[in-house]
Amino acid sequence: MRFIYKLALIISIITIIGGCDKDGNSGKTLLSVDFKSGEPLRYRIVSNRDITLILEDSKGIKKQKSNEKLEMVISYELIDEDIYSNSTIKATCESIISSKQSFSKRPVREREPLEMIKGKSWLFTVNSLGQIQDYSGLDKIIKEVGASTIKTRGNRRIKSADMIGDFIATQFYMWDVIASIDKPLKGIARGDSWSSYQPIPFARVLPYERIVTYKLAKVPTKDDDTVVVNTTSSLAKQVVDKDSHVKTNLEHLINPYEGSYQMKGMFGFLRGYKVVDLNGSGEIEFDFKNGRLISNTQNYKADIVAGFMFPLGNSVPELEVNQTIEVKEVMLGNK
């Protein structure tokens with residue numbers, strides 16, 4: 001059965017790319033994710049978020065800035081593969097460093113909860129199209145970190161800002177450029193576009209989504225196996241049902257936090273967050289021959305309005321968020 005399946009897949013690939021000329025200027029390109037036994041893939045993942053709080057009063061406009069940065073090195077090792085080419089992957093956080101600066105320009109002394117995953121491993125299953133089939137291992141570790149972020153004080157549950165959303169935004173969408181293709185077995189041609197919904201990581205949960213649109217910009221040639229995909233990000237329209245519940249396209253994403261809680265600091269003092277605009281761009285490089293991601297860089301700017309916990313005149317707080325997410329393969333021998 002395994003041989004028959006592999007043979008059928010090879011025949012499909014030959015059929016799809018057989019019409020390409022030597023320079024890859026025509027026909028279709030079939031992208032797939034390939035893990036090789038004994039050859040773990042290692043990636044440096046950096047999420048950096050600059051936030052500017054804009055307040056206006058009778059004396060004019062005041063701006064306060066804060067920053068959140070998370071840097072991880074995560075390895076992905078093939079543990080098993082079934083007859084349908086579903087790969088069981090062991091992911092290990094080899095290193096993790098975080099830094100935060102509050103709106104008062106002072107470094108935040110509280111430890112980033114996500115740092116507890118350093119040295120930890122989790123399993124997930126992904127198919128050759130980059131679609132995660134079993135993410136129970138991811139769910140478990142996210143719940144563990146989420147539970148550690150909330151502290152009980154008397155009858156109140158208090159939570160500090162964290163970067164779990166950044167971890168979710170990278171791990172669930174590591175191979176989304178392939179996983180989101182509508183008909184992946186038919187291949188894609190230069191200029192083709194497709195899109196997916198992704199979360200907007202922030203210091204607190206936001207009930208908004210972004211639309212990431214991919215466009216194939218460069219196909220592999222006889223001299224270069226690199227595939228280049230350009231990306232754009234925009235704000236997805238928020239849909240609310242008759243019961244005032246926000247409908248989401250991201251039901252598969254776990255909520256790290258159980259029960260109700262109060263946010264600590266400025267992000268708790270502000271209320272009623274509303275994302276009014278989001279736009280950005282990026283670029284992805286993919287190794288066609290070896291079926292692996294080389295790099296993925298995403299940059300976008302989000303404009304958010306909010307309100308105060310207590311009435312403070314007619315001023316409407318505005319937040320300008322500049323977000324960068326970078327994923328880059330770490331070659332063997334490099335740290």
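Which residues does Ser 148 touch, not counting residues up to four places away in sequence? Ser 148 touches Pro 113 and Met 116, where contact means heavy atoms within 4.5 Å. Ser 148 and Met 116 are 32 residues apart in sequence, while their C-alpha atoms are 9.3 Å apart in space. Ser 148 is found in helix 2, and with a relative accessible area of 25% it is partly exposed; buried means under 20% relative accessible area, exposed means over 50%, and partly exposed lies in between, using a 1.4 Å probe and protein chains only.

This is a predicted model, in which local features need a pLDDT of at least 70 and side-chain atom pairs count only at pLDDT 80 or more, whereas totals for chains, interfaces and linings use all residues. Residues are numbered from 1 along each chain as its sequence is written, and side-chain values use heavy atoms, with hydrogens and water left out.

**Confidence**

The protein chain averages a pLDDT of 87, and 88% of the residues score at least 70; pLDDT is the predictor's confidence in each residue, from 0 to 100. Over residues 1-26 the pLDDT is below 50, and this stretch has 33 contacts in the model beyond near neighbours in sequence. Where pLDDT is low, the predicted coordinates should not be read in detail.

**The sheet and its helices**

Helices (H or I, at least four residues) and strands (E, at least two) are DSSP runs, numbered from the N terminus, and two strands pair if DSSP finds at least two bridges between them. Strands of a sheet pair through backbone hydrogen bonds, either parallel or antiparallel. Here an open sheet of 11 strands has the order 5-4-3-2-1-16-15-14-10-9-8, with antiparallel pairing. Strand 5 (132-134) and strand 8 (193-199) stand at the edges with a single partner strand each, so one side of each is left without a neighbour in the sheet. On average, neighbouring strands of this sheet are turned by 25° against each other, direction ignored; axes are lines fitted to C-alpha atoms, for helices over the stretch in contact, and angles run from 0 to 180 degrees between N-to-C directions.

Strand 1 (residues 41-57) and strand 2 (residues 60-81) run antiparallel and are joined by 17 bridges, with Asn 48 standing opposite Lys 69 in strand 2. Strand 2 also pairs with strand 3 in the antiparallel sense, over 14 bridges, and here Glu 68 stands opposite Lys 100 in strand 3. Strand 3 is in turn joined by six bridges to strand 4 (residues 121-126), and the two run antiparallel; the bridge partner of Ile 89 in strand 4 is Phe 124. Helix 2 (residues 136-148) packs on the sheet, where it touches strand 4 and strand 5, and its direction makes about 145° with that of strand 4.

**A closer look at Thr 92**

Thr 92 lies in strand 3 (residues 87-101) and counts as buried because its relative accessibility is 18%. Its side chain makes a polar contact of 2.7 Å with the side chain of Ser 121; a polar contact is a pair of N or O atoms within 3.5 Å, of which, within protein, one must be able to donate a hydrogen and the other to accept it, and residues adjacent in sequence count only if both atoms are side-chain atoms.

**Salt bridges**

Side chains of opposite charge can pair when their charged atoms come close. The structure holds 14 salt bridges, each being a side-chain nitrogen of Lys or Arg within 4 Å of a carboxyl oxygen of Asp or Glu.

| Pair | N to O distance |
|---|---|
| Arg 44 and Glu 71 | 3.2 Å |
| Glu 112 and Lys 100 | 2.8 Å |
| Asp 303 and Lys 301 | 2.7 Å |

Arg 44 lies in strand 1 and Glu 71 in strand 2, so this pair ties together parts that are 27 residues apart in sequence. Arg 44 counts as partly exposed at 26% relative accessibility, and Glu 71 counts as partly exposed at 28%. By contrast, Glu 112 is buried, with a relative accessible area of 1%, and Lys 100 is buried at 14%. Arg 49, Glu 68 and Asp 166 are linked in a network of salt bridges.
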